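Hi everyone, thanks for coming. Please have a look at the model on the screen, and then I'll walk you through it.

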Amino acid sequence: MQDEGIRERVENTIVDVLKVDSTDLGGDQRIREDLGADSLDSVTLVMALEDEFGGSINDNDAKSLATVGDVIAYISRRVEEKALA
Amino acid sequence: MNRRRVVVTGIGMISPLGTSALECWSALMAGRHAVASVPSEWRRYAETASTIWAPLPPIDWPAMGIGRIEQMQLDTSGMLTIAASSEAIRDAGIGTAPADAKKNTFRLEGPPPERCGVFMGTGVGGITSFVGNLANHVMSPLIGDVSDPAVLPPMPPRFNPYAVPSMMPNAVSALLGIRWSLYGPNLTFSQACAAGTVAVGHAFRAIAAGSVDMALCGGAEYLRDPYGGIFRGFDIARTLAAEGSDAQRANRPFDRDRTGFLFAEGGASVLVCEEAEAARRRGARAYAEIVGYAETFDGYSIMSMEPSGTRIADMVTAAVQDAGCVPGDIDYVNAHGTGTAVNDEIESSVIERLFGATPLVTATKSLTGHCIGASGGIEAAVTALSIAHQATHACHNLEHPIRDLRFAREAGPCQIDTAVTQSFAFGGHNAAVVMKRTD
């Protein structure tokens with residue numbers, strides 16, 4: 001079950017980091033291939049998500065997040081586990 | 001070959017007195033200074049002899065074009081530099097156009113970017129960021145072990161992936177070259193308290209010699225680490241002003257009762273300098289012309305000034321000669337004027353020896369506090385503003401001058417045709433820039 005508020009916060013963070021148009025964001029879009037993130041952008045995105053949700057995201061988890069939908073699902077699960085806020 | 005003429009056409013400044021050049025200048029002229037108690041949390045780690053500093057005012061970073069992502073990526077010294085440069089470029093009337101929206105970079109509507117250089121000074125670069133990252137690194141084995149996280153010192157929640165670029169001193173110059181797409185020489189000078197003056201001097205030389213047509217130059221510094229460790233470094237060396245019975249009067253350069261310098265949280269100043277003819281052609285307003293520069297080295301002690309002041313006197317003499325002037329031409333000296341016993345004694349002696357009691361002498365640090373590597377840039381900006389406004393700020397809190405010089409006892413109008421701004425640094429670096437009015 002995904003919270004609309006979490007989806008919006010994740011998408012806003014992606015927009016802030018990658019400077020993409022929010023209307024272009026879709027769940028199956030790939031962060032690297034479709035949204036143009038390079039490796040530094042990916043590191044920055046993880047840092048920005050940690051900042052937004054107030055917790056830490058380990059490297060292995062970060063590497064598994066390929067699409068916008070992956071990020072939303074991952075953050076939602078971590079929030080549900082109360083590992084992120 | 002004739003040396004090309006160089007003018008200051010734009011000024012940006014952030015200091016404990018304000019977040020723009022106008023705010024800082026207004027505070028200087030009104031005699032508004034910045035003094036406060038150091039952050040109380042620092043006392044957890046050490047009882048310091050000095051307990052006062054000059055904090056920066058609150059800064060609205062997004063309003064300065066620095067959004068939340070850049071705030072995570074940059075050390076505060078870098079953000080101060082970018083913000084001051086934005087103001088300076090705007091102030092110079094140079095238009096900008098977006099270059100890369102994702103990177104938040106721009107192109108200047110000015111000389112070819114290959115002909116534009118960056119010359120910035122900083123004492124410690126992004127060290128405060130690294131102190132935070134180091135704390136996170138060292139404490140990480142304990143984070144899961146302690147039952148009460150409050151026993152750990154406050155620290156950033158992560159070891160920042162930008163730890164290296166935020167720490168490196170050259171970031172203050174590199175960030176400006178990136179932000180404004182400038183491809184000429186991009187240099188960082190790290191002569192401690194003289195860094196900003198050295199940077200302005202080398203920008204002047206580069207434009208005068210024809211290697212660039214425009215330069216962003218000045219100084220930047222940020223000194224508030226989470227634990228007051230940098231403050232303690234200066235305190236333990238017994239260089240800082242004691243609070244005494246009245247904190248508001250503790251910072252008093254050139255006064256008999258001075259006890260040390262007022263540590264500032266940080267600051268930045270960026271000047272736009274241009275080849276004079278090109279500036280005239282585009283209709284730019286010039287605050288002042290830079291006409292001379294010189295530097296010497298004490299070769300004496302890593303921390304103490306050479307007592308005779310010989311190398312300082314040689315340096316100021318050379319700067320005046322470089323400007324095509326004689327000592328009698330100088331009518332304003334923006335002194336290094338820190339408020340330490342040794343600096344003020346030696347500096348006032350050199351001023352008396354070279355200039356007598358003719359020029360007005362003032363100490364900007366009497367109001368801003370000491371912004372270390374930013375101070376030379378701030379004082380170059382204040383000197384240019386003083387020439388443009390034909391006015392001086394006062395040497396604040398000066399009640400019993402240690403020498404019979406013409407100290408600026410009050411703020412107000414004055415004639416300034418030719419001015420010297422000078423800085424000296426731990427290590428032994430001495431530098432001065434000479435400026436003239438343009439009309």
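**A walk through chain B**

Let's start with two strands that run antiparallel: strand β1 (residues 6-14) of chain B is joined to β10(B) by three bridges. Before I go on, some housekeeping: this is a predicted model, where local features need pLDDT of at least 70, side-chain atom pairs count only at pLDDT 80 or more, and totals for chains, interfaces and linings use all residues. Residues are numbered from 1 along each chain as its sequence is written, chains are lettered from A and ligands numbered from 1 in the order in which they are written, and side-chain values use heavy atoms, with hydrogens and water left out.

When I say helix or strand, I mean DSSP runs, numbered from the N terminus: helices are H or I with at least four residues, strands are E with at least two. Two strands pair if DSSP finds at least two bridges between them.

Back to our two strands. B:Val8 has B:Ala288 as its bridge partner in β10(B), and B:Val7 stands opposite B:Glu289 there. On β1(B) there is also a pairing with strand β9 (residues 266-275) of chain B, antiparallel and over eight bridges.

How many of the residues of β1(B) are buried? Nine of the nine, so β1(B) is largely enclosed by the rest of the structure. Buried here means under 20% relative accessible area, exposed means over 50%, and partly exposed is in between (1.4 Å probe, protein chains only). For β10(B), seven of the ten residues are buried, so that strand is largely enclosed too.

Eleven strands of chain B make an open sheet with mixed pairing, in the order β7-β6-β8-β9-β1-β10-β17-β16-β11-β12-β14. Which strands stand at the edges? They are β7 (186-189) and β14 (406-407) of chain B; each has a single partner strand, so one side of each is left without a neighbour in the sheet.

For a parallel pair, look at strand β11 (residues 332-334) and strand β16 (residues 418-424) of chain B, which share three bridges. Here B:Asn334 sits opposite B:Thr421 in β16(B). Lying across β11, β12 (360-362) and β16 of chain B is helix α11 (residues 341-355), which runs at about 150° to β16(B). That angle is taken between N-to-C directions, from 0 to 180 degrees, with axes as lines fitted to C-alpha atoms, for helices over the stretch in contact; contact means heavy atoms within 4.5 Å.

Another helix to find is α6 (residues 171-179) of chain B, which is mostly covered, with seven of its nine residues buried. Among them are B:Leu175, B:Leu176 and B:Arg179. Just after α6(B), B:Ser181 has a positive phi of about 55°.

Next, the charges. There are 31 salt bridges over all chains, a salt bridge being a side-chain nitrogen of Lys or Arg within 4 Å of a carboxyl oxygen of Asp or Glu. One of them joins B:Asp322 and B:Arg3, at 2.8 Å from N to O. B:Asp322 is in helix α10 of chain B and B:Arg3 is in the segment before β1 of chain B, so this pair ties together parts that are 319 residues apart in sequence.

Then there is B:Arg252 with B:Glu399, whose closest N and O atoms are 3.5 Å apart.

Last stop, the surface. B:Ile302, B:Met303 and B:Phe426 form a nonpolar patch with about 310 Å² of accessible area together. Patches take residues with over 30% relative accessible area and no salt bridge, joining like charges within 9 Å and nonpolar side chains (Val, Leu, Ile, Met, Phe, Trp, Tyr) within 5 Å; the areas come from the Shrake-Rupley method with a 1.4 Å probe, and for residues only the protein chains shown count as cover. B:Met303 is in the loop between β10 (288-297) and α10 (310-322) of chain B, and is partly exposed at 43% relative accessible area.
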